[in-house]
Amino acid sequence: MSGAEGNGFGRRRFLAVGGGLAALAVTGCGSNTGRASSGSSSGGKPTLSQWYHQYGEPGTQQAVQKYAKEYPDATVTVQWSPGDYDKKTASALLTDGGPDVFEYGNGPSIDMIKGGQVVDLSDLLGDAKSDFTPSLISRLTYQGKLYGIPQVTDMQLLVYRKSVLSAAGVQPPQTVDELLAAAKKLTTDKMKGLFVGNDGGVGILGGPALWSAGLDYLKDDNTFGFDDPAAVESLRKLRELFTSKSLLLGAPTDWSDPSAFTQGLTAMQFTGLWTFPQIQKALGDDFGVLPWPKLNATTGAPSVPVGAYASSVSAKSKNVDAAKKFVKWLWVDQTDKQLDWAQSYGFHIPARKSLIDKADKLKSGPAADAAKFVNENGHAQTPLLWTPKSGTAYSDALNRIIKSGSDPATEIKAVKAVVEAELKRIAG
């Protein structure tokens, strides 16, 4: 990763809001709206407008333009948009000047779906459905209908220095208590044991804290998911970690950049898959990877947050069938392009299991472990019905619990009230 992507944002910024906020904040785009045409091109083929946010990796814009040009059944015009992409796209979908096909971080929002702004894509996957990362397909589905096709997968995970753990006699932690103990043992006057962001994990550990306790943001029936003693214990552990003096705080770069890890400021770091090229360049094979551990020997499971930009079709498109056909061609049928998109521009995991086996970068070492975590331990970063308002309530609660020692049980009750009101609004 380089250029704009070097800070860990750019292409995968939406993963940065996984802890509390709903997965809304991609790197953003926006620019002139308006389709090239809503009819047919001079050759008699339909003309489609396809929108992408501005990716940070070199070569990405040329790649999507090449893919579009190679499509035989329509003339596809790519709009590559810097700026506030989410806001611009959400506004454009309400007009006749928006895209036919567009990408969105973790798929369209529940308000887009409920508002009839995007079309059902359930018929596009066919036999390929079981090949896609299950947690992503679930995240993009509402009431049995699929509203986006995953383009590529990104994830967060723990990285650790093998040599440092070995020298300290520390085994890679398998429970949260082992993680806390390891962080303390690995802390010296020059190195902290663990880095989870300069906010102490407020921004990225909201999901893992619930999954490690065997819980989730919402239950399967879309009711509040963590009014539970195990959640209280798990969130209390984050406070314990914050006050343990083994957590790196005030680092020059945040969790999404591997510099704190590669420069020896921390022995372990929760970060993104996109950092692997920089870590490998700095440390060679002196690092391993883990999912966020389960709470204890009898509770919960290890987990990794996963997210994906997904391709969707606007209900206002004057060529809905042609737009759906193009999405199927690019993101279901053209597996060579899907593999190119995942592997040639930065470090990412294909959204399909069969392509993971073909991805050279994922065949050995920590990268192979990471790819395995996606399908064995992966959780969609936030559920579809977890709205921005719910996310803000949880993020604010995490901030008070972790930094101020507020009582988790009390905070959870307050979050529950906000979330239940939001769920009622959505159902209404």
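Analyst: Helices (H or I, at least four residues) and strands (E, at least two) are DSSP runs, numbered from the N terminus. Gln143 lies in a loop, between strands β4 (141-142) and β5 (145-146). The model is predicted, so local features need pLDDT of at least 70 and side-chain atom pairs count only at pLDDT 80 or more, while totals for chains, interfaces and linings use all residues. Residues are numbered from 1 along each chain as its sequence is written, and side-chain values use heavy atoms, with hydrogens and water left out.

User: What makes Gln143 count as buried or exposed?

Analyst: A residue is buried under 20% relative accessible area, exposed over 50%, and partly exposed in between (1.4 Å probe, protein chains only). Gln143 has 67% relative accessibility and therefore counts as exposed.

User: How many helices and strands does the chain have, and what share of its residues is buried?

Analyst: The chain contains 16 helices and 13 strands. Of its 428 residues, 59% are buried. A contact means heavy atoms within 4.5 Å. Among contacts with a separation of 6 or more, 75% join residues 24 or more positions apart.

User: How do you know whether the span of α16 agrees with its number of residues?

Analyst: The expected span of a helix is 1.5 Å times one less than its number of residues. For the 20 residues of α16 this gives 28 Å, and the end C-alpha atoms are 28 Å apart, so the two values agree.

User: Which residues of α16 are buried?

Analyst: The buried residues of α16 are Pro408, Glu411, Ile412, Val415, Val419, Glu422, Leu423 and Ile426. They cover an arc of only 100° around the axis, which places them on the same side of α16. That arc is taken from the directions from the helix axis to the C-beta atoms. The face turned away from this buried side carries Thr410 and Lys424, which are exposed. The cover over the buried residues of α16 includes α3 (110-114), α8 and α15.

User: What span does helix α8 have, and what caps its N-terminal end?

Analyst: Helix α8 (residues 229-242) has 14 residues and reaches 20 Å from first to last C-alpha, close to the expected 20 Å. Asp228 caps its N-terminal end, with a side-chain oxygen 2.8 Å from the backbone nitrogen of Ala230. Ala230 is one of the buried residues of α8, which also include Leu235 and Leu241. Among the elements covering the buried residues of α8 are α6 (176-186), α7 (206-211) and α16 (408-427).

User: Why are β2 and β6 said to stand at the edges of their sheet?

Analyst: Two strands pair if DSSP finds at least two bridges between them. The open sheet has five strands in the order β2-β1-β3-β12-β6, with mixed pairing. Strands β2 (75-81) and β6 (149-150) each have a single partner strand, so one side of each is left without a neighbour in the sheet. Helix α1 (residues 60-70) packs on this sheet, touching β1 (47-53) and β2, and its direction makes about 165° with that of β2. Helix α2 (residues 85-92) lies across β1, β2 and β3, at about 135° to β3. Such angles run from 0 to 180 degrees between N-to-C directions, with axes fitted to C-alpha atoms, for helices over the stretch in contact.

User: How do you know in which sense β3 and β12 pair?

Analyst: Strands of a sheet pair through backbone hydrogen bonds, either parallel or antiparallel. Strands β3 (residues 101-105) and β12 (residues 309-313) pair in the antiparallel sense over five bridges. One of the bridge partners is Ser312 in β12, which faces Phe102.

User: Why is strand β9 described as largely enclosed?

Analyst: Seven of the seven residues of β9 (residues 266-272) are buried, so the rest of the structure largely encloses this strand. Strand β7 (residues 154-160) runs antiparallel to β9, joined by five bridges, and Gln156 stands opposite Gly272. Strand β8 runs parallel to β9, with three bridges, and Leu194 has Met268 as its bridge partner.

User: What makes Gln50 count as buried?

Analyst: Gln50 belongs to strand β1. Its relative accessibility is 2%, so Gln50 counts as buried. Leaving aside residues up to four places away in sequence, Gln50 touches several residues, including Ala68, Val78, Phe326 and Trp331.

Definitions and conventions:
A polar contact is a pair of N or O atoms within 3.5 Å; within protein, one must be able to donate a hydrogen and the other to accept it, and residues adjacent in sequence count only if both atoms are side-chain atoms.
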